Structure formats: structure tokens, C-alpha cells
Amino acid sequence: MFDADKFIEEAVASVKEKTKGKAIIACSGGVDSSVSAVIAGRAVGDRLLAVFVDTGLMRKGEVEEVEAMFRDTGINFKAVDASKEYFEALKGVTEPEHKRKVIGEKFIRIFEREAKEFGAKYLVQGTIAPDWIESGDGVRDTIKSHHNVGGLPKDMDMTLVEPLRDLYKDEVRQVARKLGIKSSERQPFPGPGLAVRCLAEVTPENIAVVREACFIVEDEIRKAAEAEKMKLPWQYFAVLLPARSVGVQGDRRAYGRTIAVRAVESIDGMTAAHSDIPLSVLNSISQRITSRMKDEVNRVVYDITDKPPATIEWE
Ligand code: XMP
């Protein structure tokens with residue numbers, strides 16, 4: 001039986017013991033990095049700087065939300081707008097593993113820059129067990145190079161501190177609740193952000209399409225759950241597919257993009273079952289996406305595969 005109080009006590013002590021100088025942490029606003037930040041903050045206090053990198057690949061309103069959340073914690077916090085750098089680095093990159101490596105590496109380089117300025121010797125990260133298990137650990141096959149793991153360059157000159165390394169998602173949430181972290185019930189969001197939900201080239205225009213579609217999926221599902229038409233799934237989002245298909249707009253032929261809706265039930269993200277979303281809810285999502293983005297999207301499909309054989313994200 002997992003004991004969250006005991007875990008917090010031991011994790012704070014362990015970070016305190018390992019971290020002799022200044023430390024920096026990457027905060028995405030997600031539950032993993034927020035919990036790691038609070039644990040590290042308790043361990044080293046003012047010697048910690050939480051840096052939020054706006055990659056340009058975040059969801060709608062997310063940047064503002066994270067800033068507001070950290071303002072409340074009292075932890076040293078800095079937001080860096082790196083969206084131009086990310087879009088530049090991702091030009092022409094479509095292969096999923098390549099994309100993950102580019103994003104992971106950029107992330108670390110930005111951190112090295114911030115860390116140098118702050119004088120940090122330690123990098124605290126919110127890596128959890130499924131991240132490194134699925135990234136291959138020499139024994140297992142690499143399924144996906146997770147952002148927190150696969151992108152790490154060999155020449156990184158900071159010592160890595162990963163307080164949540166042995167935890168699964170449900171355990172991280174238990175810890176978050178104990179720590180009073182607001183994002184404890186938030187659905188997971190991948191480190192590489194909307195880039196892995198954009199199967200077309202990662203451009204500001206394509207990201208804007210998938211960002212709006214994700215927002216609509218989240219909003220419609222949240223409303224349906226509030227109206228008790230369905231339970232809130234474990235994770236739910238939209239994916240922009242590289243396929244175009246023929247449609248009609250008014251009396252004219254259209255050749256538009258396709259959005260896939262994904263919603264799954266899971267405990268720890270290692271396996272998942274697609275959610276049984278009522279057709280009426282799917283219909284509202286489809287209508288709202290195709291009318292809100294009528295010049296871009298003319299088809300919406302629902303992904304009914306489980307994990308395995310699929311994964312939760314499409315890349
Ligand atoms: P997959 O797609 O591998 O996802 O079935 C399992 C869970 O992990 C999330 N995910 C990530 N989380 N860095 C993360 O921190 C990543 O690179 C990453 N890739 C996927 C995914 O959203 C799901 O909850």
C-alpha cells in the first residue's frame with residue numbers, strides 16, 4: 001500500500017541530501033513537475049528556481065494558468081518565452097522519435113542557459129516510472145523516447161535529481177493531494193506538448209489548429225461530465241492528422257484536414273481502454289470543431305483503439 005505522507009518525508013530528505021548547491025526545475029504546470037517542484041522547494045528553499053518554458057506547444061490558456069499557480073506557491077519562478085526557438089528547431093521535422101529528440105534537447109539547452117545564469121548545479125525533473133520504462137532501460141524495447149528521458153544529451157553538465165522516478169501516475173496524484181497542489185486532478189499532458197498531437201509539420205498554424213481542437217474536446221467533455229451524461233475520462237484530447245479529405249462547404253468542394261478525438265480510461269498510462277463517449281457528445285465535438293475551424297477542418301473521427309496495440313498519444 002502506497003503511503004503518500006511517508007513518501008513526501010523521504011523524498012524531501014533525499015533531495016536535501018543529494019542537492020548541495022543551487023537547483024533548477026522545469027515546470028510545465030502538470031502534476032509531475034508541480035509535485036517535484038514543491039518537494040524540491042521544501043528540501044532546498046531559496047536555492048531552487050522553477051523555470052517555465054513556453055515552448056509554443058502548450059494548450060489554450062495554459063501559460064497564464066501555470067504562472068498564476070506558481071505565484072501562489074512562493075517558489076522562485078521564471079517564465080521563458082522560447083516558442084520562436086522551438087518552431088525554428090522543428091522546421092521540417094515530422095518523424096516522431098526525431099521530433100521528441102529535438103524537443104528534449106532544446107528543452108535541456110534552454111535549461112542549461114537558465115541554470116548557468118542562476119548558478120544551478122542540479123536539475124530536478126518530474127520523471128515518473130512509465131516515462132523511463134517505456135523509453136527503454138536496456139532491458140525493455142524503446143516504445144517512445146519520453147521527453148524527460150530520451151532527449152537528455154550525454155554532455156549535460158548538471159546532476160539529475162528525479163524524486164518521482166519510482167512512482168506511477170496514481171501515486172503522484174495521491175502525493176499532489178497531500179501537498180494541496182491544484183493540478184492534482186488535471187489530466188496528463190505529454191512533455192513535448194501539442195507537437196506529438198500534430199502529425200503534420202509543427203508550424204504555428206498547425207499547432208493553432210490542434211490547440212483549438214484540443215480545447216473544444218476538453219470543453220465539450222467537461223460540460224458533458226458536469227451534466228452527468230458521462231464520466232470524465234482519464235485523458236481526452238484531439239490530434240491533427242496528416243490526411244486531407246474531400247468535403248463540401250456550401251455548394252463548393254472543400255479539401256480539408258482531419259481531427260481525431262482520443263479519450264481513454266487508464267490507471268497509470270501503461271495500458272488504456274478507449275472511453276465510451278456518448279454519440280451525442282461526439283457529435284457536439286464534431287460540429288463545434290468543423291464550424292469553428294471551417295476553413296481548415298472538414299472531418300472528425302473517433303479513435304477506438306486500446307493500448308496495446310495503440311499508445312495513448314499518436315506519436
Ligand atoms: P503513451 O502515448 O506512451 O502515453 O501511451 C502514456 C502517457 O504518457 C503521456 N506521455 C508523456 N508524458 N513525456 C511525458 O511526461 C512524454 O514525452 C510523454 N509522451 C506521452 C501521455 O500523454 C499518456 O498520458
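**Salt bridges in the predicted model**

At 8% relative accessibility, Glu-315 counts as buried, since the value falls under the 20% cut-off for that class. In this predicted model, the side chain of Glu-315 forms a salt bridge with Lys-99, with 2.7 Å between the closest N and O atoms. Glu-315 is located in the segment after β9 (297–302), whereas Lys-99 belongs to helix α5 (residues 96–118), so the pair ties together parts that lie 216 residues apart in sequence. Lys-99 likewise counts as buried, its relative accessibility being 0%.

In helix α1 (residues 4–18), Glu-10 and Lys-6 are placed four residues apart, about one turn of the helix, and their side chains meet in a salt bridge with an N to O distance of 3.6 Å. Glu-10 counts as partly exposed at 44% relative accessibility, and Lys-6 is also assigned to the partly exposed class, at 47%.

In helix α9 (residues 204–226), Lys-223 and Asp-219 are again four residues apart, about one turn of the helix, and the closest N and O atoms of their salt bridge are 3.7 Å apart. Lys-223 is partly exposed, with a relative accessible area of 44%, whereas Asp-219, with 16%, is buried. Both residues belong to one network, in which salt bridges that share partners join Lys-223 and Asp-219 with Arg-59, Glu-62, Glu-65, Arg-186, Glu-218, Glu-220, Arg-222 and Arg-288.

Note on methods: Residues numbered from 1 in each chain as written. Predicted model: local features only at pLDDT ≥ 70, side-chain atom pairs only at ≥ 80, totals over all residues. Heavy atoms only, no water. Salt bridge = Lys/Arg side-chain N within 4 Å of Asp/Glu carboxyl O. Helix = DSSP H or I, 4+ residues; strand = E, 2+ residues; numbered from the N terminus. Buried < 20%, exposed > 50% of the residue type's maximum accessible area, 1.4 Å probe, protein only.
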